[in-house]
Amino acid sequence: MTPKITRFLTEQVPATPCLIVDLDVVEQHYHDLHKALPDGKIFYAIKANPAPAILKRLVSLGSCFDAASLQEVQMCLDAGADPKHISYGNTLKKPSAITEAYAKGINLFVFDSLEELEKIAQHAPGSRVFCRLAVENEGADWPLSRKFGTTTAHAHTLMLRAKELNLIPYGLSFHVGSQQTGIAAYQHAIRAVSTLFNDLCHEGIDLQMLNLGGGFPTHYREKIPPIYDFAKAIDDALTEYFPHKRPEIFLEPGRYMVGQAGTVSTEVILVSRRGGAETDPRWVYLDIGRFGGLAETEGEAIRYQFRTPHDQTGGSTSPCIVAGPSCDGIDILYEKNRVAFPDALKSGDRIEILATGAYVSTYCSVGFNGFPPLEEYYI
Ligand SMILES: *Cc1c(COP(=O)(O)O)cnc(C)c1O
């Protein structure tokens, strides 16, 4: 949590639950990634947090954007992005969305199947296309590999087909899984795709771009490697597997760019030992839960850190089960990974949930149990 956010919470005392994002932290992460990997062109994956204030700040820094829908394309354009700086990076697109994006000047599209490639050829003729490969997602807290990507063998066939369809076979992409904490994942993926680059080159298809996707982690409860370690591993792998000519490198950070910038302010609704015995577990119910935006607590995959007003007093703590305010039984945030809350914690206390800038605001349900969507402040 930054001093700017602390000041905002102290001075404004906004109603809870709410999300406060410090835009300077987003900017800092953009600069840090750019400095760590100067060869990489940054395409912010806007699904992580599409707030206009974030998009505008990134446009001003020269960022490009990875959009997953026609609506996301429009959000980037509304923020002032050049259509040439927008990649339509979802392998699932309706023909009408392709047509409209193309009309708006988008000419870079992803695919991972023949059907999608043919759709792009028909509705966005002559565009640049890149093929998404399925790679190992081991080490990622939020894997993506089951749903997206094809094999290198099939990608080979599809890239030849792309040329026949008068598209520009532009590059290859992968995603090593979100909240990826293993730096080796990128190295393995780069090695796997480099062979395909070579094979296609021998068939007269000179791919220009390698899209390394996102996955770069945010610091939640567990320690993570610094971005420079990822950058070094990636740079080493590129040197080793592309010794003659390095392709243009695209990066699609989502979580990394905005995660650390956000803090959720929430109120404790109830602290209880429901059985009444001292040995019963303490349950802490907050006014935000799985349906209020903390959807990534599904399977306790993302383990957020909490700050309470009692942290500095040195009082005793004990592990608590943490749950949200709705009447749904699955609205439990942490039961296996309990949170050591101070024993002094009581209803009415305000708690901060750290590093909640990514994948929170848009995951909020609309009016479930009558709770309004999460209030957001961009400062
Ligand atoms: C979600 C997504 C990203 C961003 O992933 P992070 O793990 O948040 O960095 C990047 N590229 C694509 C294609 C995505 O779907």
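1. Let's start with P17, which sits in the loop between α1 (3–12) and β1 (18–21). This is a predicted model, and in it the peptide bond leading from T16 into P17 is cis, with omega near -5°.

2. Next, two backbone angles. E300 is not a glycine, yet its phi is positive, at about 55°. You will find E300 in the loop between β13 (282–286) and β14 (306–307). Is E300 buried or exposed? With a relative accessible area of 9%, E300 falls under the 20% limit and so counts as buried.

3. Y359 belongs to the loop between β17 (350–354) and β18 (375–378). The relative accessible area of Y359 is 8%, so this residue is buried.

4. Y359 also turns up beside a residue with an annotation. An unreviewed UniProt entry places the feature "modified residue: N6-(pyridoxal phosphate)lysine" at K47. In the model, K47 lies in the loop between β2 (40–45) and α3 (52–61). Which residues does K47 touch, leaving aside those up to four places away in sequence? They are E72, Y359 and T362.

5. Now for the aromatic rings. How many aromatic pairs does a search of the whole structure find? The search gives 15. One of them joins Y186 and F216: the ring centres are 5.0 Å apart and the planes meet at 5°, so this pair is stacked. The pair brings together distant parts of the chain, with Y186 in helix α8 (residues 184–202) and F216 in the loop between β10 (209–211) and α9 (227–241), 30 residues apart. Both partners, Y186 and F216, are buried.

6. Ring pairs connect Y186 and F216 with F230 and Y256 in a cluster. If you colour these four residues in your viewer, you can follow the cluster by eye.

7. Finally, two arginines placed over tyrosine rings. The charged end of R128 sits over the ring of Y170, 4.7 Å from the ring centre. For R221, the ring below the charged end belongs to Y334, and the distance to the ring centre is 4.6 Å.

Definitions and conventions:
Residues numbered from 1 in each chain as written. Predicted model: local features only at pLDDT ≥ 70, side-chain atom pairs only at ≥ 80, totals over all residues. Heavy atoms only, no water. Helix = DSSP H or I, 4+ residues; strand = E, 2+ residues; numbered from the N terminus. Buried < 20%, exposed > 50% of the residue type's maximum accessible area, 1.4 Å probe, protein only. UniProt positions renumbered as here; feature names shortened; annotations may be inferred. Contact = heavy atoms within 4.5 Å. Phe/Tyr/Trp six-rings, centres within 6.5 Å; stacked < 30°, edge-to-face > 60°. Lys NZ or Arg CZ within 6 Å of the ring centre and 35° of its normal.
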